Amino acid sequence: MEIDISTPALLFPAITLLLLAFTNRFVALATLARGLRQRYKDTPEMDATVLGQIKNLKTRLLLIRNMQALGIGSFFCCVLSMVLMYLSRQVVAEYIFGGSLFLLLGSLILSFIETQISTRALNLELSDLESISSQK
């Protein structure tokens, strides 16, 4: 089964929206990092919760960077496969497009992992609040 030039073009909106979502995650983490920094400045005796959040944040930032890199690679391969189809290099274009799908899949897997880590970070923050409310 041969694909035509419009097949890779179908991924353009999906990849663009994913990259936008990844950028929004990055912005949210940057805001959180600034908040943690201020929290540290306000109370330099770092408790285990803040240290856990900082470690978690570093891991998430690394994952988001890799998610973006894979998403950009996927987008690049989509465009390259379209160019190759235009140049009548159908077989090579199909392999490149397949690579694009695998890069996109990798980006989505990293996104899932980052979401799981994010949930753990939120649970850590909530456990801190629970311990404060139980002391009252």
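Analyst: Buried means a relative accessible area under 20%, exposed means over 50%, and partly exposed lies in between (1.4 Å probe, protein chains only). The model is predicted, so that local features need pLDDT of at least 70 and side-chain atom pairs count only at pLDDT 80 or more, while totals for chains, interfaces and linings use all residues. Residues are numbered from 1 along each chain as its sequence is written, and side-chain values use heavy atoms, with hydrogens and water left out.

User: Why is Glu-2 called exposed?

Analyst: Glu-2 has a relative accessible area of 65%. The class of exposed residues begins over 50%, so Glu-2 is exposed. Glu-2 belongs to the segment before helix 1, where helices are DSSP runs of H or I with at least four residues, strands are runs of E with at least two, and both are numbered from the N terminus. Between the C-alpha atoms of Glu-2 and Ala-121, which are 119 residues apart in sequence, the distance is 45 Å.

User: Is Pro-8 buried or exposed, and what value decides the matter?

Analyst: Pro-8 has 0% relative accessibility and therefore counts as buried. This residue is part of helix 1, which spans residues 6–9. Its C-alpha atom is separated by 13 Å from that of Gly-73, 65 residues away along the chain.

User: How many salt bridges does the structure hold, and what makes the contact of Arg-25 with Glu-114 one of them?

Analyst: The structure holds two salt bridges. The term requires a side-chain nitrogen of Lys or Arg within 4 Å of a carboxyl oxygen of Asp or Glu. For Arg-25 and Glu-114 the N to O distance is 3.0 Å, so the pair meets the definition. The two residues link distant parts of the chain, with Arg-25 in helix 2 and Glu-114 in helix 4, 89 residues apart.

User: Which residue forms the other bridge with Glu-114, and at what distance?

Analyst: Arg-60 forms a salt bridge with Glu-114, the closest N and O atoms being 2.7 Å apart. Glu-114 lies in helix 4 and Arg-60 in helix 3, so this bridge ties together parts that are 54 residues apart in sequence. Through shared partners, the salt bridges join Arg-25, Arg-60 and Glu-114 into one network. Glu-114 is buried because its relative accessible area is 2%, and Arg-60 is likewise buried at 10%. Arg-25, at 26%, is partly exposed.

User: Which residues touch the most other members of the largest nonpolar core?

Analyst: Such a core is a set of buried Ala, Val, Leu, Ile, Met, Phe, Trp, Tyr and Cys residues joined through side-chain atoms within 4.5 Å. The largest one has 20 residues, of which Leu-11, Ile-15, Met-67, Cys-78 and Phe-97 touch the most other members. Helix 2, helix 3 and helix 4 each give two or more residues to this core, and helix 3 gives the most, with eight.

User: Which helices line the largest pocket, and how do its residues divide by class?

Analyst: Helix 2 (11–42), helix 3 and helix 4 each supply at least two residues of the lining. Among the lining residues are Leu-36, Arg-60, Ser-118 and Glu-125. By class, the lining has five nonpolar, three polar and three charged residues, where Ala, Val, Leu, Ile, Met, Phe, Trp, Tyr, Cys and Pro count as nonpolar, Asp, Glu, Lys and Arg as charged, and the others, Gly among them, as polar.

User: Why is Ser-118 called partly exposed?

Analyst: Ser-118, in helix 4, has a relative accessible area of 24% and is therefore partly exposed. Its C-alpha atom is 15 Å from that of Arg-65, 53 residues away in sequence.

Terms used:
1 Å grid on protein atoms, 1.4 Å probe; cavity = no way out; pocket = protein on both sides within 12 Å on 5 of 7 lines; lining within 4 Å.
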